[in-house]
Structures are given as C-alpha cells and as structure tokens.
Amino acid sequence: MAPDPEQPTLSSLGKVGKSSGEIGGVEEPLLNGGIHTSENYSLVSAIFPFLFPALGGLLYGYDIGSTSCATISIKSATLSGISWYNLNSVDIGLITSGSLYGALIGSVLAFNIADFLGRRRELILAAFLYLVGALVTALAPVFAVMVIGRFVFGIGIGLAMHAAPMYIAETAPSHIRGQLISLKEFFIVLGMVGGYGIGSLLVDTVAGWRYMYVASTPLAVIMGIGMWWLPASPRWLLLRAIQGKGSMQELRETAICCLCRLRGAAIGDTAPAEVDEILAELAVVGEEKEVTLAEVFRGKCLKALTIGAGLVLFQQITGQPSVLYYAASILQSAGFSAASDATRVSILIGLFKLIMTGTAVLVVDRLGRRPLLLGGVSGMVISLFLLGSYYIFLDNAPVVAVAALLLYVGCYQLSFGPIGWLMISEIFPLRLRGRGLGIAVLVNFGANALVTFTFSPLKALLGAGILFYAFGVIAVVSLLFIFFIVPETKGLTLEEIEAKCL
C-alpha cells in the first residue's frame, strides 16, 4: 500500500505505550459471528478529529450569545454607528432568527448533498459559509445586506450541525463516542458563553455589533484549514465502496490510510482487519442497497427517523429556545431592569450550563443514554411546573423562580442538550445517515425557529405562567416518548446499533 502523504509517522506520535495515551479495546462478537479485532487508538490522535468539527458547534453557540448582545447595540442611536438604527420588532426578529432560517435551508441542502460530498467536505463548506456570513454581517452598509449575511451564516450552521456529529460518530472509537459527541454540545455552550462575554464587553462600544460578528472569523478559518487537513470518514468511504460508487480495492486502501491517521500509532497493524470487519458488518445489515426517499419512511429507517426526529423535536418544544434567544427579556421580567445586567446574568447561566454539560460528558458512556434522558427530563418537568406556578401563584417568592430556572438549565444540559445530538448521530443506518440526519436537523431548526418566533406573542396572549405549564405538559409527553421508544446505545458500534436497536 502506498503511503498516504498526510499520514503521521510513528515518531511524530511518540512511542506507543501508556505515555502516548494508547487504549486497547475489548474483543466482542461480530454481527456475522466472528470476533471484533481489539479497537486500539491513541487519545492524542483522537483530539483533532473531534476538535475541528466541534468548532462548528462553537461558532453556532457564539452566534446565539453574540446576537443577543448585538441586537442591543444595533438599536442604540449613539452606539450603533449607523443611520438605520431605528429598527422595529420585525427587523430585530430577522436579525435574531435570520441564522435560524438559513440553518433550515442548510439542512435541506444537507439532505441532498451530504452523501455525495462526504462529511469532511461538507464541514469545509460550512466553515467557508461561516466566514463569508460573518464578514458580510459585520461589514453590512445597510440592513438588507446584514440580513443576507445572517442568512449565509445560518446555512453554515445547518451544514455544520448536520456533518459534525456524523464525522465525530463515524471516526471516534466506540468506547468514547458518547463522550466526544456530548463534548460537542459542551463546545456549543462554550461558544454561547464566549458570545455573551465578548458581547457584554463590546455592547457599550461604538459599532460594537460589528466587532461581535467579525470576532468569529478566525475560528471559521481554523475550522476550514483543520477539516482540509483531516482525512475523510472511513465509514463514508466504505459505504461508497459497497454501493459500487468507486473501486472497492482503492476505497478500502484509502479507508485503511484514513483509519491509521485517525487512530494514531497505537492502531499498529490492525487497521486492515478493522476495515474488513466494518465492511462485513455493513454487508450483514444490508448497507449495499442505496436508500431511496420512500425507504426513509418505512421499516428500520422509519424507526430511526422517529427516534431521532422525535428527540430533537422535544429538545426544542420544551421551552429551550425561549431561554436562549430571549434570555435578556426573561431576566428583565424577573427584576433585572438593565439589559447589561441581564446579559451578565446570562453569562453566569452559561457557565452553569458548561458545568452540567461537562458532567454529562463524564458519565454518558458509563451510565448510558436512557438514564440521563429519563432523569434529566423528569427534572425539567418539575422545573417547568414550578416556573408556571411562580408566575401565577408565587410571584412574591423569587427564590422559587431562581431555583426552577437553575433546575431547568441543569437538567436540560444533562439530557436533551448533549444526548439529543448524540442519539441522532448514532441511531441512523449508515446508508440513511446523511439523509436521516438532514431531516432531524431540519426538524431541530424548524422547531427552534417556530418556538423562537411564537414565544413572545404566546407569552402576551396566555401569560408566562400558562405558557410554562404548556411546556411542562409537552415535557411529560417527551418523557413517555423516551421511556417507550428510545433505545440504549451505550457501548455498541454503529453497525451493532443498526442490527440490535432498529
């Protein structure tokens, strides 16, 4: 086999052993009756295949945090630095939700191009759109151009949030797959905290909103260069091989080279055997058949779609987007009169979200997905009914609202936050993964946009108390959905999930 020009040498990774973070897997039965080759990998080599895709999540989170501050800056007659600062509520809504609508378009595009482009090239395209969108938004001379920039950035979000969990899931060792994909949610929250932090520093600066948006461009460049350097997903290459979209031998050899780069020197000479095992398991579960649009909605594909789309739908319609996109207004109604105060409290909430997400990352591969979902959503139910009761009966007990808010945030970050994205990256069969994840991400951003758009009018129509009660009822329904429908995927390879859970 000819050496891959991007293949790291043994000396560049250090001696194989405990000091290099070498991990040996455990032999387990194959779906076809054989035995798994020990899944060896280097922790050092696992960093970059996670880090560069996860920057897509970091930029998504940064957009949420920075936009909440930018909408304050851009409306100021003295600090906006523009003549068109007198924006109405619809204009502000377009700025706030423009990236969401772009993400919806990005999800539709991903449905059609994901399996053709591959995960790596889709992430490169997402990084390019992040860069262009941020620059157009920051340099916008008029409002219409700014909205176009927000829309382009949003398309990048849609592609990144579609491809990043796929790339990480398909390249990560199964024993740490849950931790790595959950860590991507940690990066989203980290980006939010960064956006709130940078926004609070620049909100009193003339044209501060421009600096808030342009600050994301270095990360977009790093993401693009990093994904250009990383290899393609071996599973995507093997899918193309068994579906006859290239030479089986050439694609197999390329997949072996990619797997060696992804796992580091610790993989030794086991890469060909691992690739052959994946090929054998894909053949057992019937991945050689290319999925049609009709197949998406029947059989095991429909079951995977029900689980994946159901989780991300409930992730959004239990009130989470309202807390993120309208954090300042919610906090102001709770007694924080100054917008800058509300923004600073948002930073503290963001730090709390980081801590709870970090906790989920540490325990997800030990406790499993279902226990975290069931426990976390149960806490969300309690917190939402407490919030509803506060606004209707207990308005003289602000400690109830603070405790309920913290309980909601903490439980969400233990459950729906990281586990929703983790499950949709695991549950779809490989030949359906591109299109299935495209639908799931479309449902996610569609529900996000709907809840974000309707929260303010529903709050005015029903009152905050009734609205939180409604979210609580939806959370109860989601709890039943998890209990009866969602399977446990802890410790299983992606091929085993398809065979045993669908």
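The backbone oxygen of Ser 76 lies 2.7 Å from a polar atom of the Ser 80 side chain, in what is a predicted model. Ser 80 itself sits in the loop that runs between helix H2 (43-74) and helix H3 (89-117). With a relative accessible area of 0%, Ser 80 is buried, and, leaving aside residues up to four places away in sequence, this serine touches Ser 73, Ile 74, Tyr 85, Ala 207 and Trp 209.

Helix H2 also takes part in a helix pair. H2 and helix H8 (residues 217-229) pack with their axes 9 Å apart and at an angle of about 150°, and the crossing of the two is left-handed. On the H2 side the residues that meet H8 include Phe 48, Phe 52 and Pro 53, while those of H8 include Leu 219, Ala 220 and Trp 229. Sorted by class, the contact of H2 with H8 has 12 nonpolar residues, two polar ones and no charged ones.

Confidence in the model should be read alongside these details. The protein averages a pLDDT of 82, and 85% of the residues score at least 70, but two stretches fall under 50, as tabulated here.

| Stretch | pLDDT | Contacts in the model |
|---|---|---|
| Residues 1-22 | under 50 | 33 contacts beyond four places in sequence |
| Residues 24-35 | below 50 | 33 contacts beyond near neighbours in sequence |

For residues 1-22, then, the model does contain contacts beyond four places in sequence, although the pLDDT stays under 50 over that stretch.

How values were computed
Residues numbered from 1 in each chain as written. Predicted model: local features only at pLDDT ≥ 70, side-chain atom pairs only at ≥ 80, totals over all residues. Heavy atoms only, no water. Helix = DSSP H or I, 4+ residues; strand = E, 2+ residues; numbered from the N terminus. Buried < 20%, exposed > 50% of the residue type's maximum accessible area, 1.4 Å probe, protein only. Polar contact = N/O pair within 3.5 Å; in protein donor to acceptor, adjacent residues only side chain to side chain. Contact = heavy atoms within 4.5 Å. Axes fitted to C-alpha atoms, helices over the stretch in contact; angles between N-to-C directions. Left-handed = near helix turned anticlockwise from the far one by under 90°. Nonpolar A, V, L, I, M, F, W, Y, C, P; charged D, E, K, R; others polar. pLDDT = per-residue confidence, 0-100.
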